[in-house]
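Open your viewer and get your selection tool ready. We will take this one stop at a time.

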Amino acid sequence: MVRSNTISAMKANRLFWLGRYEERVYMTLHLLRQCYDKMIDGNTADYEEFWSRLDCSGAYSTPEDFRMGMLYDEHNPNSIMSEMNYAKDNAILLREDITSETLSFIEMSIAHMKACKDKSETNITALQPITDWGLAFWGSVFQRLHNQKIIDLIVIGRNIEYIDMLIRFDYPFERIRHAYEEIKSYGKDMTRIFDTMIEAQLDSLFTSENYDPLNMDYKNKVLKYINQLVIV
């Protein structure tokens, strides 16, 4: 149960990033599954494209290094393990606001990840419980939390991350349009949550006529703006 409806700037920032990291875990697992399928079919260099789309410096030298690294490498900020640890760091400090039950789904995911790492497990299907617990995390957010501002901040973070990943991997416009509209819906009752100049830029860029993820100038511009939209 939330003790107060007042949310400090620091807490707002942590709620926003909790939503982002939880969504990043889910989306990274989803995209890795697609990448693994291609590699199994013989496209062993596909991991290089996956890595480049995440805008990372350097790359893993072999497909096996890639599989282990993207799952368990805690020195790689884009690995599943790192993303879950970032989510946990925020969630622990928000325990009283998000409830211990909500936090527990992150803790169970990390415990499962560590067990898989000990077995050097690279079969993506073995990580299905993490996806399930991620969905349970979001169910707990909507069912157990009673401060709408807290829910709004977490969900806005979730959708910012979702749009970021969709753009990086050239998803169709309708998916992005829906997520962008949801961000605005959850932020409509929050004072000064959006940078109005950035919002105006995104309004003009996120139209069916202008959406062009294959244009690198366009892609870089929308990635820059979507990550600057929320002021927390």
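Helices here are DSSP runs of H or I with at least four residues, numbered from the N terminus. This is a predicted model, where local features need pLDDT of at least 70, side-chain atom pairs count only at pLDDT 80 or more, and totals for chains, interfaces and linings use all residues. Residues are numbered from 1 along each chain as its sequence is written, and side-chain values use heavy atoms, with hydrogens and water left out.

**Stop one: Thr131.** Select helix α7 (residues 128–144), where you will find Thr131. Thr131 is buried, at 10% relative accessible area; buried means under 20% with a 1.4 Å probe, protein chains only. Beyond its neighbours within four places in sequence, Thr131 is in contact with Tyr26, Leu29 and Arg33, contact being heavy atoms within 4.5 Å.

**Stop two: the core.** Now select Phe66, Phe206 and Leu229, the residues with the most contacts inside the largest nonpolar core, which has 76 residues. Such a core is a set of buried Ala, Val, Leu, Ile, Met, Phe, Trp, Tyr and Cys residues joined through side-chain atoms within 4.5 Å. Helix α1 (residues 9–40) gives the most to this core, with 13 residues. At least three core residues come from each of domain 1 (9–145) and domain 2 (171–232), with bounds from an automatic or database domain assignment.

**Stop three: Phe206.** Which residues does Phe206 contact, leaving aside its neighbours within four places in sequence? Show Ile163, Ile167, Phe173, Ile176, Tyr180, Tyr218, Val222 and Ile226 to see them around Phe206.

Methods:
Buried < 20%, exposed > 50% of the residue type's maximum accessible area, 1.4 Å probe, protein only. Helix = DSSP H or I, 4+ residues; strand = E, 2+ residues; numbered from the N terminus.
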